Amino acid sequence: DEGWWFKPEYVINHMNINSAMFEPRHNAVFHLGDSRNRTLKVSGYAYVGGGLKIIRAEISLDEGKSWEIADLTRPEDAIAEARGTDKHWCWAWWETEVDAARLLQCREIMCRAVDSNQNMQPMFLTWNLMGMMNNCLFRVKVHPMQTPGGVAVWFEHPTQPGAETGGWMTDDAGIFDPAKASDAAPGPSGVAPKRPVAAIWRS
């Protein structure tokens, strides 16, 4: 026993940057033929330790080749200003809308965040001795499906909380559960933002 759990160099004092998506929900269905579903609501949260501030959140619909900026809300901004500090300790919320037509060609929705030190989440999980602090991109799989109402897509998160089953990282990967299905939320405005792409990766 080399006492890895007690070595000071492995003490975790601050959380690294991370983000996740809660809309669309796991096992949610988005009916593309529904006239109310002009856009899909895509939203989540981001956080970082050390008093740093989340400055940007982005999503990708093309497996990380290009990235689009989401709207960002930091509930702590007013509190930090009142305290006369730039330290932030709370989660930030991000949200955007995606045109429904884009979902037919989309295999997964990915999200990432950037902090005030320009730290960004890595594309892939990095192995480490303690198995801690993994903060790779959060990915939600998009699966086409046929329903009585026409063409739709359903969404699959990587895992589920607690003892719940399902998720593309589990043995139940790719299995849709009608008993747990819900309707994915349409975008509140029905109009996707027209911002230019924030970043493009060219091989």
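Four strands make up an open sheet in the order β1-β3-β7-β6, with antiparallel pairing; strands are DSSP runs (E, at least two residues) numbered from the N terminus, and two of them pair if DSSP finds at least two bridges between them. This is a predicted model, in which local features need pLDDT of at least 70 and side-chain atom pairs count only at pLDDT 80 or more, while totals for chains, interfaces and linings use all residues. Residues are numbered from 1 along each chain as its sequence is written, and side-chain values use heavy atoms, with hydrogens and water left out.

- The edge strands, each pairing on one side only, are β1 (18-23) and β6 (71-73).
- From one strand to the next, the twist averages 25°; axes are lines fitted to C-alpha atoms, and angles run from 0 to 180 degrees between N-to-C directions.
- Eight bridges join strand β3 (residues 39-47) to strand β7 (residues 92-99) in the antiparallel sense.
- Gly44 stands opposite Trp94 in β7.

**The nonpolar core**

- A nonpolar core is a set of buried Ala, Val, Leu, Ile, Met, Phe, Trp, Tyr and Cys residues joined through side-chain atoms within 4.5 Å; buried means under 20% relative accessible area, exposed over 50%, and partly exposed in between (1.4 Å probe, protein chains only).
- The largest such core has 30 residues, of which Met21, Phe30, Leu40, Val42, Trp94, Ile109 and Phe155 touch the most other members.
- Two or more residues of this core come from each of β1, β2 (28-31), β3, β4 (54-60), β7, β8 (108-115), β9 and β10 (150-156).
- Apart from neighbours within four places in sequence, Leu40 is in contact (heavy atoms within 4.5 Å) with residues including Phe30, Val98, Ile109 and Phe155.

**Thr147**

- Thr147 lies in strand β9 (residues 138-147) and counts as buried, because its relative accessibility is 12%.
- A polar atom of the Thr147 side chain lies 2.8 Å from the backbone oxygen of Gly150.
- Not counting residues up to four places away in sequence, Thr147 touches His31 and Ala152.

**Cysteines**

- A search of the whole structure finds zero disulfides, a disulfide being a pair of cysteine sulfur atoms within 2.5 Å.
- Cys90 is in no disulfide, and the nearest cysteine sulfur, that of Cys111, is 19 Å away; Cys90 is partly exposed, with a relative accessible area of 47%.
- Cys136 is likewise in no disulfide, and the nearest cysteine sulfur, that of Cys111, is 10 Å away; at 23% relative accessibility, Cys136 counts as partly exposed.

How values were computed
A polar contact is a pair of N or O atoms within 3.5 Å; within protein, one must be able to donate a hydrogen and the other to accept it, and residues adjacent in sequence count only if both atoms are side-chain atoms.
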